[in-house]
Amino acid sequence: MNFQLKIRAVKSDMEDYLSDRINRYKFISAVIFAFIITALAWQSDDAYHAYIMAKNLVLGNGFVYNVGERATASSCPLFTLIIAGGYFVFRNMFLVSLLICVIFSISAYVITINNFCHTRKHLFIAFFTMIGSLCFISYTTSGLENCMLFFLAAEFLKIYFASKRYDAKKMFVLAVLISLIAMTRMDAVLMFIPMILYVYLGRRDGVSFGKAVLLGIAGLLPFIGWEVFSTIYYGFPFPNTAYVKLGTDIPLKEYLIRGMQYFLTSLSFDPILLLVPFVAMILVFLVKKAHYTYCVLGVLLYICYVFYIGGDFMVGRHYTVLFLISLVCVLKYMEDEDINEALRRRFEKTYIIIAAAGIIFSYAAKPVTNQYLFGYGASPIADERGGYFQYTSLYNNAISYLKTGKMVIRSAWNEGGIDELRKEGHGSGLLVMVPGISIYYNSDLYLNDLYALGDPFLSKLPAVREDNWRIGHMWREAPVGYNETVLYGEDVIENESIREYYETIKFITRGPVWDKNRLKAVIDINTGKYDHLLEEYKSTLDEDNHQITDKYFLSREPAVK
């Protein structure tokens, strides 16, 4: 009896020792992970469209892109509000936004390794898979919402995989997380829909269907509240960027071709990014367990969605969250005691070989793939971090500030068009292209461009069709007179139908929020009662959506280049 007690004591001590040891490894890996993403931290120009809104909110100008006009150029309202909170406390947007990105990304990493890595081998697999993905590491910072989605995805998966059945509390928390994900980026919810339906429809623990519905509605209240606010305040339920990217009048076939190009480019640039989801899909066929199946269904659904929207111009960006979800599936499988151990060991070995090959190829072939994919200027997809790192990285800006007292981020773009506006005494202007960084540092002016990310009027017009169009960069041709309308403030748009449409948009975005006529206009425009004006205007365009007019030259370019 005493011998058995001693054996148990030794076993308990050994387990405690191993637990302490793996925890030390986890801590060390988290420190190294934090160092890597901080050393490589950078800012995307697109992040500054959200920063403009965050700054305007803190300065009392409203949650808007241009002061005096209620329009949003941010696809990630919750993340933008968090950035605004950070800026309210620390009035340095560059540093505070990177700090928030780093905190979210480290939190996602820690949640992942604490819940899905209980051995040293699995910890190393998780660590090297994450740092081995060029795109995943790129978007741990960047100023975009990916980092927050990493955190929310990790939290969701922690609860999802921790149980086989779900009580009311867990169901409510998962619904709240779905709500927060939707507020961070609305279309990201697609990755989680199969899992939340599986939980609510098939895995309730003592919760009736009626109570489940109430729990779901209660959990979604933050998102519902945001949608009500957005529709009343901005006049539209969706961000302006959604209308810009999807309301182009470009055929679906072309979007699908762009989506395929995005998939193949991302695979060539960063193989591990898409190899991990592929392995997770294979896993589903091996295991045939519902938990894994519904998780991977969300991954597959989002991959199809990315094809549908034409991908993105930032290589790999839209695949980073599903990469993390897939990695969690793989790690969970490796430690699932309900699965045959020999099968799990074979799977581990196979995964290590595939992952190592993908990572080695990514880094060894990077100079060649970069030249082939991006070096000839013909691709509508870009390595954004590679292009911006020189000017927007934490490292280069810190070195520049220490040496000269100035940050190099202001050199990221030529602001000649803005300088011309100031020289001529204009307080507003429509430029060919004005980047987010330039608008942020010149937010005392009203600025928009033909890409219309922050223009609630141009964003509703059809995009000009070009052979090598870029998703998110499909420019609109300004109707004759619109340039002068923006520049001087007096409506001189010539086409009567589109002038009426512009005046309606102007009333919705600049009129008194609670004016009953404005609220009626909001309802009417969202139910299609003004669509005939757009159709009448479209009838004056040629097949590429250029205006057919003898004053065509006036509309090809804005008043100020």
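This is a predicted model: local features need pLDDT of at least 70, side-chain atom pairs count only at pLDDT 80 or more; totals for chains, interfaces and linings use all residues.

Colleague: At what angle do helix 7 and helix 8 pack?

Modeller: Helices are DSSP runs of H or I with at least four residues, numbered from the N terminus. Axes are lines fitted to C-alpha atoms over the stretch in contact, and angles between N-to-C directions run from 0 to 180 degrees. Helix 7 (residues 146–162) and helix 8 (residues 168–184) pack at about 165 degrees, their axes being 10 Å apart. Helix 7 is therefore roughly antiparallel to helix 8, a label for angles over 145 degrees; under 35 counts as roughly parallel, 65 to 115 as roughly perpendicular and the rest as oblique.

Colleague: Is the crossing of helix 7 and helix 8 left-handed or right-handed?

Modeller: A crossing is left-handed if the near helix is turned anticlockwise from the far one by less than a right angle, and right-handed if clockwise. Helix 7 passes helix 8 in a left-handed crossing.

Colleague: Which residues of helix 7 and helix 8 meet?

Modeller: Contact means heavy atoms within 4.5 Å. On the helix 7 side the residues include Leu149, Leu152 and Phe156, and on the helix 8 side they include Val173, Leu177 and Ile181. By class, this contact has 12 nonpolar, 1 polar and 2 charged residues. Here Ala, Val, Leu, Ile, Met, Phe, Trp, Tyr, Cys and Pro count as nonpolar, Asp, Glu, Lys and Arg as charged, and the others, Gly among them, as polar.

Colleague: How do helix 2 and helix 4 pack, and at what angle?

Modeller: Helix 2 (residues 47–58) and helix 4 (residues 93–116) pack at about 110 degrees, with axes 12 Å apart, so the two are roughly perpendicular. Their crossing is right-handed. Tyr48, Tyr51, Ala54 and Lys55 in helix 2 meet Met93, Phe94 and Ser97 in helix 4, a contact of 5 nonpolar, 1 polar and 1 charged residues.

Colleague: What angle do helix 5 and helix 17 make?

Modeller: Helix 5 (residues 120–132) and helix 17 (residues 341–364) pack at about 25 degrees, with axes 10 Å apart. Helix 5 is thus roughly parallel to helix 17, and the crossing is left-handed.

Colleague: How many disulfides does the count give?

Modeller: A disulfide is a covalent bond between the sulfur atoms of two cysteines. The rule requires a pair of cysteine sulfur atoms within 2.5 Å, and the count comes to 0. The sulfur of Cys117 lies 13 Å from the closest cysteine sulfur, in Cys329, too far for a bond. For Cys135 the nearest cysteine sulfur, that of Cys147, is 16 Å away. Cys117 is buried, at 0% relative accessible area; buried means under 20%, exposed over 50% and partly exposed in between, with a 1.4 Å probe and protein chains only.

Colleague: Where does Ser142 lie?

Modeller: Ser142 lies in the loop between helix 6 (134–138) and helix 7. Its phi is near 80 degrees, a positive value in a residue other than glycine, and Ser142 is buried at 0% relative accessibility.

Colleague: What is phi of Asp249?

Modeller: Phi of Asp249 is near 75 degrees, again positive in a residue other than glycine. Asp249 lies in the loop between helix 12 (240–246) and helix 13 (252–269) and is partly exposed, with a relative accessible area of 37%.

Note on methods
Residues are numbered from 1 along each chain as its sequence is written. Side-chain values use heavy atoms; hydrogens and water are left out.
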